[in-house]
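Dear colleague,

Here is the structure you asked for. My notes follow below it.

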Amino acid sequence: MRLVFLGPPGAGKGTQAKAVAAQYDVPHVSSGDIFRAEIARESPLGRKLKSYVDAGRLVPDELTTEAVTQRLGDRDCADGWVLDGFPRTEGQAKALDEVLERSNAKLQAVVYLALDGERIVERMAGRRVCPKCGRPYHVVHLPPRSDERCDECGTALVRREDDVPETVRQRLATFERQTAPLVGYYERRGLLLRVGGEGTPDEVRDRLFEKLQDAVEGG
Ligand code: AP5
Ligand code: MG
């Protein structure tokens, strides 16, 4: 299974990509998680990445493509992956095409998770994340079992620094300008699956799995 999740910030890419990756037993590869881990290390590269992420701007293609393709070269990615947040520009999409060609592999589908601006703002305002494993929660819609701690690893949950309203607005504008054109890029190749991101996480998941089964398994 080789799958890409595309969609505006806060649409639920991370939430659903994790579920799909678990179902098909392949790694969930999130460019945002890779960058946040590097930022948390406070390395020189992390400080550079932070200046883009905190401003709601895209990290330059060169840095992004190198980080993601390196991860895709790991042994656990040999039989497939679920990509979340990459590619985000046409340059990144072409770089992914080259990676696939080199390994003689094919992308099975690109899931476009759609959600309107009002719901996006509400979801990001209530988001909490596990700084260790990256799992997203929501104070109302997806609360952790125990107060403010990750269900999987028990780490105290935090708010993402780019979830403040001004940065959210900037991220939405960046998406419209630089990433939305990829919808057409993949649609023209017959790879795009449009999935509505509204409703509860389980409702979105059911809708998504139904479409994926039709597209990927032909049934
Ligand atoms: P990234 O981490 O990819 O962030 P994003 O695309 O802005 O998306 P989010 O992670 O905010 O949202 P999501 O769609 O994953 O939603 P989630 O499942 O968490 O990127 C961050 C930054 O890194 C970028 O701004 C950029 O600077 C840089 N970057 C990353 N990739 C890059 C690239 N390829 N090129 C250049 N720069 C790059 O859900 C959101 C909330 O809603 C959560 O609280 C969740 O619990 C809740 N929720 C989920 N589903 C539902 C539901 N159905 N109902 C109610 N609540 C729900
Ligand atoms: Mg995410």
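Helix packing

The model is a predicted one, in which local features need pLDDT of at least 70 and side-chain atom pairs count only at pLDDT 80 or more, while totals for chains, interfaces and linings use all residues. Residues are numbered from 1 along each chain as its sequence is written, chains are lettered from A and ligands numbered from 1 in the order in which they are written, and side-chain values use heavy atoms, with hydrogens and water left out.

The axes of α2 and helix α4 (residues 61-72) cross at roughly 100° and come within 10 Å. Axes here are lines fitted to C-alpha atoms, for helices over the stretch in contact, and angles run from 0 to 180 degrees between N-to-C directions. Helices (H or I, at least four residues) and strands (E, at least two) are DSSP runs, numbered from the N terminus. From α2, Ser31, Ile34 and Phe35 meet Thr64, Ala67, Val68 and Arg71 of α4, where contact means heavy atoms within 4.5 Å. By class, this contact of α2 with α4 has 4 nonpolar, 2 polar and 1 charged residues. Ala, Val, Leu, Ile, Met, Phe, Trp, Tyr, Cys and Pro count as nonpolar, Asp, Glu, Lys and Arg as charged, and the others, Gly among them, as polar.

Helix α2 (residues 31-40) also packs on helix α3 (residues 44-53): their axes come within 8 Å and cross at roughly 125°. The two helices, α2 and α3, are therefore oblique to each other. On the α2 side the contact residues are Phe35, Glu38 and Ile39, and on the α3 side Leu45, Gly46, Leu49, Lys50 and Val53. The contact of α2 with α3 divides into 5 nonpolar, 1 polar and 2 charged residues.

For α4 and helix α5 (residues 90-102), the axes are 10 Å apart and the packing angle is about 30°. That makes α4 roughly parallel to α5. Asp61, Thr64, Thr65, Thr69 and Leu72 of α4 make the contact with Gly91, Gln92, Ala95, Leu96 and Val99 of α5. Here the classes are 4 nonpolar, 5 polar and 1 charged.

Ligand 1

There are 36 residues around ligand 1 (a heavy atom within 4 Å), and Thr15, Arg57, Arg88, Tyr137 and Arg171 come nearest.

Backbone points to check

Most residues other than glycine have a negative phi, and most peptide bonds are trans. Asp25, not a glycine, has a positive phi of about 55°, and lies in the loop between α1 (13-24) and β2 (28-30). Phe86 and Pro87 are joined by a cis peptide bond, with omega about 0°. Pro87 sits in the loop between β3 (81-84) and α5.

Regards

Definitions and conventions. Parallel < 35°, antiparallel > 145°, perpendicular 65-115°, else oblique.
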